[in-house]
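I opened my notebook to go through this one piece by piece. The entries below are in the order I looked things up.

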Amino acid sequence: MLCRLSPAKLLSLLSLSLCLALFAAACGGDDDSAPAAAPDAPAAVTEPADAMPAAPVLEGASAAPVVQPTIAPVMAPVETKIDRVVFGMSPVSEEYSNPMRLGPPNNIQLNPMYEYLIGMDPQSGAWTPELATRWEVEPDGKNIRFFLQEGVPFQDGWGEMTAKDVKLTFEELAHPEAGHGNSGYMRTALKGVEIINDHELVLDVNEPDAGLLWVISRQEQSILVISKDAYDDLGHSPTLQDEPIPGTGPYQFKERREGEYIRFERIEEPHWRFTPDFPELELRWMSEASTRLASLLTDEIHITNLPEDQIQQAVSDGMAIAKGNAAGQRAFFSFLGVFRTPSTADTRGQLPLLDAPFKYPESPFHDIRVRQALNHAVNRDEINTAFFNGKGELMHINHFHPTRPGWDESWATRYPDAYGYNPQRAMELLAEAGYGPNNPYQINMHLQETRVAGALDVIEGVAGHFRDIGVDVNLISMDAAAFSAGRRSFEFNNDLRFAGTSSHLLMGFRVYSSGHAPRGSGMEIPEIDDLYSTVRVTVDPVKQDQLLRQLGELQIQNYMHIPMLWLPPEAVYNPDFVGGYNFPGSVTGLWTHLELISAAQ
């Protein structure tokens, strides 16, 4: 018999240790208020407003970083006009049936099946209890204790979720062959998992880690709890041809057609936490935005993401917009080529020695004048107006924002001279670096779809800015899986990648601004890697704020990226079938809480 928790028990505030308070404060927030919604769209690039959401923080040492969820348990679905709601989205770069072999954003293909120890409120982006009712961190930061919900069933009759299932999930994520984006991180961070009883377990970590709880939460979409009994019955890690391992989510797997779609069906019994409106949910892989728009207008799909010009067309044809409630999506370009050795797919989970030689010492990106010139070449105001209808907020430095820890007010003041649009200065810098009409600088830019709608247009627009200062741009169209494999193998040495992500500050910095695992997505500068190693184990919020400011200063002085814009995530839907979509829009993978796509009434 399914045991349902009372709202009072589910939503009660939890008592945590001081260390957890420091963890949460260090990882993403600088005030005690709920994250603010994005402001109305400006006409062009604006200076930062207090619009980006702070991560959930604690009022004191004994308060928990949780809020009362803004969704209430639903025991019976409503009437729907369609049985299957279809979300058209950009294809994942690889398909698989084991979430521990994927990782964000690719595990969007399985997310509706699973739940997390630490959930996230769709309205504010703050942490909420999910499969864990509460969690405690020991004062030394090396043990994290989780207390689990009771009576939560796995799909397909695989019994109740207990500590043994959570233990397997952590072990699978840290498996030597795991391809998950956080596997290398978890192998480094996690020493072991101790089961206390069926509903209590302890994580033993190697050292205090200010970002670990974020990785465990729905924010990073890593710890999707799977059934150990079902996994053992399979006898192996499932491949694409197998059905995914059952989870505890409100939807269960129905069918998949590789490269086309994956479908889920609502579980038969009312879900312990929330029952979706639609009997079925389909994620349909559609790379072309124009195809998604046409399919939306002809009722083939019911919700999707589109570039700004097509959003306007869709709205004029009667479609509606669902905006992320705690928007934190950022768009930027990363320089690929400054990697220290060893730099292979097998070593991307380890931090190279700080004095290790570079794999591509001849890469033009080693010249800071080239990186600065490319920054000065980009007219961000023009990009924002042309492709985002002025909705973007200027990003002065990647990852950092006035509402996040480590912010230095001087960065905004210094930005125009250091990074602002100045094509004449860009050409002077390239000339100083030895490039000119008789020896043009050449660069590769990859035409890859990202979570930023209209990414291809942005890439081509920026390529035009580069050509205006005499850069020879080679636009490369590469299969997403091939590009991902090349990036993980460090095959690119003079390549610019357009990225869109919503990760919290520490995670974003680790992935895109350091040589810490998982490597291959950004520059690797020894001084930054050394300092980040200290930041990672610093849980005192005052000390970490100071260290983060130092990290940001190193990043801005070294021109680690081409920062572009903070963008509000938007989904376009057909109001004849869909009533709305309540999602935060501030997490890795962006499209979360898919069970909250509501039916039109």
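Where is Asp209 found? I traced Asp209 to the loop between β7 (200–205) and α5 (212–216). Before going on, I noted that this is a predicted model, in which local features need pLDDT of at least 70 and side-chain atom pairs count only at pLDDT 80 or more, while totals for chains, interfaces and linings use all residues. I also noted that residues are numbered from 1 along each chain as its sequence is written, and that side-chain values use heavy atoms, with hydrogens and water left out. For the element names, helices (H or I, at least four residues) and strands (E, at least two) are DSSP runs, numbered from the N terminus.

**Entry: Asp209**

Asp209 counts as buried because its relative accessibility is 2%. Its side chain makes a polar contact with the side chain of Arg536, at 3.0 Å. I wrote down what a polar contact is: a pair of N or O atoms within 3.5 Å; within protein, one must be able to donate a hydrogen and the other to accept it, and residues adjacent in sequence count only if both atoms are side-chain atoms.

**Entry: helix α3**

Next I looked at α3, residues 163–173, and found it mostly covered, with eight of its 11 residues buried. Among the buried ones I listed Asp165, Phe170 and Glu172. What covers them? The cover of the buried residues includes β5 (143–148), α4 (183–189), β6 (190–197), β7, α5 and α6 (228–234). Contact here means heavy atoms within 4.5 Å.

**Entry: two positive phi values**

I went back to the loop between α5 and α6, where Gln221 is found. Gln221 has a phi near 55 degrees, a positive value in a residue other than glycine. Gln221 counts as buried, since its relative accessibility is 1%.

Phe490 also went on my list, with a positive phi of about 60 degrees although it is not a glycine. I placed Phe490 in the loop between α14 (480–488) and β17 (495–501). At 0% relative accessibility, Phe490 counts as buried.

**Entry: cis peptide bonds**

I noted a cis peptide bond from Thr341 to Pro342, with omega near 0 degrees. Pro342 lies in the loop between β13 (329–336) and α9 (368–377). The bond from Ala517 to Pro518 is cis as well, again with omega near 0 degrees. Pro518 has its place in the loop between α15 (505–512) and α16 (526–536).

**Entry: a hairpin**

I followed β8 (residues 251–257) into β9 (residues 261–266): they run antiparallel and are joined by six bridges. Two strands pair if DSSP finds at least two bridges between them. Phe253 has Phe264 in β9 as its bridge partner. The two strands form a hairpin with three residues between them, and Gly259 in the turn has a positive phi of about 80 degrees.

**Entry: the six-stranded sheet**

In what order do the six strands of the open sheet come? I read it as β14-β18-β13-β17-β15-β16, with mixed pairing. The edge strands, β14 (393–394) and β16 (472–476), each pair on one side only. Further in, β13 and β17 pair in the antiparallel sense over seven bridges. Leu336 stands opposite Asp495 in β17.

**Entry: helix α8 and Glu308**

I then compared the axes of α7 (residues 289–297) and α8 (residues 308–316), which come within 11 Å and cross at roughly 10 degrees. That angle makes α7 roughly parallel to α8, a label for angles under 35 degrees; over 145 is roughly antiparallel, 65 to 115 roughly perpendicular and the rest oblique. Axes are lines fitted to C-alpha atoms, for helices over the stretch in contact, and angles run from 0 to 180 degrees between N-to-C directions. The contact is made by Ala289, Ser290, Leu293, Leu296 and Leu297 of α7 and Gln310, Gln313 and Ala314 of α8.

Glu308 is in helix α8 too. I have Glu308 down as buried, at a relative accessible area of 7%. The side chain of Glu308 makes a polar contact with the side chain of Lys391, at 3.1 Å. Not counting residues up to four places away in sequence, Glu308 touches Phe387, Phe388, Asn389, Lys391 and Glu570.

Terms used:
Buried < 20%, exposed > 50% of the residue type's maximum accessible area, 1.4 Å probe, protein only.
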